[in-house]
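Trainee: I have not seen this structure before. Could you take me through it step by step?

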Amino acid sequence: PAPTAPLRPLPRPPKRKLCNCKNSRCLKLYCECFASGVYCEGCNCNGCCNNPANDDVRRAAIESTLERNPTAFRPKIAKSPNTTNFADDPAS
């Protein structure tokens, strides 16, 4: 029988941080969820408006933030052209 290559574990999706916002209603860029473009879910925040029930308020906050900073919701660290993506690597 032909030898088989050892199995590599699949890369796990990054764990999502939970926010602890107290006064921002989760509508400022220092809210990890809002800055990532996702709704708060299972967080420890108070008075949260970053959820589907408050989508109109959330959209207004996103628009206001983008008016002041058009790159606000883009990734802060760009991918390096030398980074290997194991899913696309034919050797793996």
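Trainee: How many helices and how many strands are there in the protein?
Mentor: Keep in mind that this is a predicted model. The protein has 92 residues, and buried ones make up 21% of them. As for its elements, the count is two helices and zero strands.

Trainee: Which residues of α2 are buried, and where do they lie around its axis?
Mentor: An α-helix has 3.6 residues a turn, so residues three or four places apart point the same way. In α2 the buried residues are Asp55, Arg58, Ala61 and Thr65. Seen down the axis, they fall within an arc of 120 degrees, so they line one face of the helix.

Trainee: Which residues of α2 are exposed on the other side?
Mentor: The buried face has cover that includes α1 (32–36). The other side carries exposed residues. They are Asp56, Arg59, Glu63 and Glu67.

Trainee: Which backbone oxygen does the side chain of Asn50 reach?
Mentor: Asn50 sits in the loop between α1 and α2. Its relative accessibility is 0%, so Asn50 counts as buried. Beyond its neighbours within four places in sequence, Asn50 has contacts that include Arg25, Cys26 and Arg58. At 2.9 Å, its side chain reaches the backbone oxygen of Val38.

Trainee: Arg25 and Cys26 are both in the segment before α1. What is the phi of each?
Mentor: Most residues other than glycine have a negative phi. Neither of these residues is a glycine, and both have a positive phi. The value is near 60 degrees for Arg25, and about 65 degrees for Cys26.

Trainee: Is each of these two buried or partly exposed?
Mentor: Under 20% relative accessible area counts as buried. Arg25 has 40%, so Arg25 is partly exposed. Cys26 has 0%, so Cys26 is buried.

Trainee: How many residues make up the largest nonpolar core?
Mentor: Cys26 belongs to this core, as do Leu27, Phe34 and Ala61. Cys45 is another member. Leaving aside neighbours within four places in sequence, Cys45 is in contact with Cys19, Asn20, Cys21, Cys26 and Cys40. In all, the core has 12 residues.

Methods. Residues are numbered from 1 along each chain as its sequence is written. This is a predicted model: local features need pLDDT of at least 70, side-chain atom pairs count only at pLDDT 80 or more; totals for chains, interfaces and linings use all residues. Side-chain values use heavy atoms; hydrogens and water are left out. Buried means under 20% relative accessible area, exposed over 50%, partly exposed in between (1.4 Å probe, protein chains only). Helices (H or I, at least four residues) and strands (E, at least two) are DSSP runs, numbered from the N terminus. The arc is that of the directions from the helix axis to the C-beta atoms. Contact means heavy atoms within 4.5 Å. A polar contact is a pair of N or O atoms within 3.5 Å; within protein, one must be able to donate a hydrogen and the other to accept it, and residues adjacent in sequence count only if both atoms are side-chain atoms. A nonpolar core is a set of buried Ala, Val, Leu, Ile, Met, Phe, Trp, Tyr and Cys residues joined through side-chain atoms within 4.5 Å.
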